[in-house]
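Dear colleague,

I am passing a structure on to you, and it is placed just below. After it you will find an account of what was found, written for someone who has not seen it before.

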Amino acid sequence: MNTTNLKFAIFGVGGTGGVIGGYLANAGNDVTFLARGAHLAAMQKDGLTIHTNHRGDIRIKPCKAMLADDYHDTPDVLFICVKYYGLDAAIALTRRIAGPDTLVIPILNVFGTGAVMQEKLPGKTVLDGCIYVFAKRGGPGIIEQPQEILRVFYGFRPGQCDRLAPKAAALENIMRAADIHAHFTEDIQRDALTKFSFVSPMGAAGLYFGVTSEAFQVPGEVRETFIGLVKEVESLGHAMGITFDRDLVATDLRLMDAFAPGLTTSMQRDVAAGGPSEFKGLVSRIVELGEKYHVPTPLYQKINDWGKAQGLA
Ligand SMILES: NC(=O)C1=CN([C@@H]2O[C@H](COP(=O)(O)OP(=O)(O)OC[C@H]3O[C@@H](n4cnc5c(N)ncnc54)[C@H](OP(=O)(O)O)[C@@H]3O)[C@@H](O)[C@H]2O)C=CC1
Ligand SMILES: CC(C)(CO)C(=O)C(=O)O
């Protein structure tokens with residue numbers, strides 16, 4: 001298995017896919033961006049530009065970009081970077097293009113996405129993953145990344161065949177060389193739920209109170225609700241048999257307190273834009289899991305009921 005020159009395909013070139021693919025391509029890797037519409041047309045004509053606040057503009061030109069339907073190669077690594085409501089298309093694409101040696105890595109915020117995909121894709125290797133980044137699409141061909149944070153975790157779930165572990169380990173080095181803080185972790189469920197324990201409470205409370213990052217950084221109802229939601233996720237994790245390697249409340253508060261003012265989660269931005277959102281995967285899912293594992297989730301229930309009344313769930 002050649003792990004020195006990996007071929008990457010990125011499905012979904014928005015905030016996350018644009019940054020992962022853009023950094024990899026900028027470091028000289030072979031990256032194909034699978035996109036659509038005016039964004040695709042702009043990438044094909046003018047390349048992909050990532051505006052960052054910490055290292056200026058990153059420009060990928062020429063940029064290998066095409067419609068997913070036009071991709072007929074077999075990538076070594078396929079990053080799935082669409083929203084949860086785009087997962088059916090991701091599953092169909094993976095079924096068609098992933099080979100026996102392809103690592104498929106979904107980085108979605110919705111905990112458990114890899115297992116959901118794997119169930120529908122026997123014979124493929126779908127890991128689980130998550131990402132810490134703030135990024136969104138600007139105009140066509142443009143990604144905005146206003147914060148420096150960029151960490152990607154991925155790994156095999158317990159019991160999953162890890163025949164491709166050497167390739168997954170090589171990937172970690174390739175990503176690090178591209179300035180992506182990658183972690184090929186031995187406990188992706190722990191690490192993905194740790195990430196979830198931040199983004200879900202921030203998104204849920206942010207929507208419920210209609211606030212952005214600075215409101216979480218001062219004592220009061222917003223911060224207390226955030227802490228309460230983190231604790232509910234933590235209890236659920238314990239009930240699911242996950243052992244965390246850190247205090248989630250302290251970790252999540254530290255992360256929150258370091259944020260610039262005015263930041264929101266991608267779910268909040270989707271709701272603000274009036275389109276579909278990941279509310280079901282990020283909020284309702286915890287209520288369902290709470291019922292399944294007999295863990296009380298009163299704050300999630302309250303916000304879920306509110307979200308249902310708003311038409312979000
Ligand atoms: N953005 C962020 O800062 C973070 C996001 N996340 C999570 O990462 C996941 C991805 O989010 P994000 O990157 O923000 O999402 P975006 O909406 O920014 O990007 C998704 C992209 O996928 C494209 N897409 C969807 N379906 C197809 C298709 N069939 N063919 C081609 N392109 C397609 C969309 O195109 P179109 O616009 O045409 O629909 C869009 O450009 C989510 O689970 C999110 O919660 C996690 C951490 C941070
Ligand atoms: C935690 C956060 C806010 C940044 O990684 C995120 O995941 C999101 O915007 O969806």
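**The two ligand sites**

By class, the shell around ligand 2 is made up of six nonpolar and three polar residues, with no charged residues among them. Please keep in mind throughout that this is a predicted model. The residues that form this shell are Asn109, Tyr132, Val133, Phe134, Phe198, Val199, Met202, Thr265 and Ser266. Strand 9 and helix 6 (188–209) each supply at least two residues to the shell around ligand 2, and helix 6 gives the most, with three residues. Because domain 1 (7–186) and domain 2 (190–309) both contribute residues to this shell, ligand 2 lies between them.

Ligand 1 is surrounded by 30 residues, of which Gly12, Gly14, Gly15, Leu108 and Asn109 are the closest. Its shell has 15 nonpolar, 10 polar and five charged residues. At least two residues of that shell come from each of helix 1 (15–26), helix 2 (37–46), strand 9 (128–133) and strand 10 (136–137), and the largest share, three residues, is that of helix 1.

The domain assignment divides the protein into domain 1 (7–186) and domain 2 (190–309). The centres of domain 1 and domain 2, taken over C-alpha atoms, are separated by 24 Å, and the contact takes 15 residues from domain 1 and 15 residues from domain 2. On the side of domain 1 that touches domain 2, strand 9 gives the most, with three residues, and by class that side has eight nonpolar, four polar and three charged residues.

Strand 6 (residues 77–80) pairs with strand 7 in the parallel sense over four bridges, and here Phe79 stands opposite Ile105 in strand 7. Strand 7 (residues 103–106) is covered on both faces, as Leu103 and Ile105 on one side and Val104 and Pro106 on the other are all buried.

**The nonpolar core**

Which residues touch the most other members of the largest nonpolar core? In this core of 88 residues, they are Ile10, Phe11, Phe33, Phe79 and Ile80. Helix 6 provides the largest share of the core, 10 residues, and at least three residues are drawn from each of domain 1 (7–186) and domain 2 (190–309). Leaving aside its neighbours within four places in sequence, Phe79 is in contact with Ile10, Phe11, Gly17, Ile20, Ile105 and Ile107.

With kind regards

Notes
Residues numbered from 1 in each chain as written. Chains lettered and ligands numbered in written order. Predicted model: local features only at pLDDT ≥ 70, side-chain atom pairs only at ≥ 80, totals over all residues. Near = placed C-beta within 6 Å. Nonpolar A, V, L, I, M, F, W, Y, C, P; charged D, E, K, R; others polar. Domains from an automatic or database assignment. Core = buried A, V, L, I, M, F, W, Y, C linked by C-beta atoms within 7 Å. Buried ≥ 20, exposed ≤ 12 C-beta atoms within 10 Å, placed from the backbone. Contact = placed C-beta atoms within 7 Å. Pairing = 2+ DSSP bridges.
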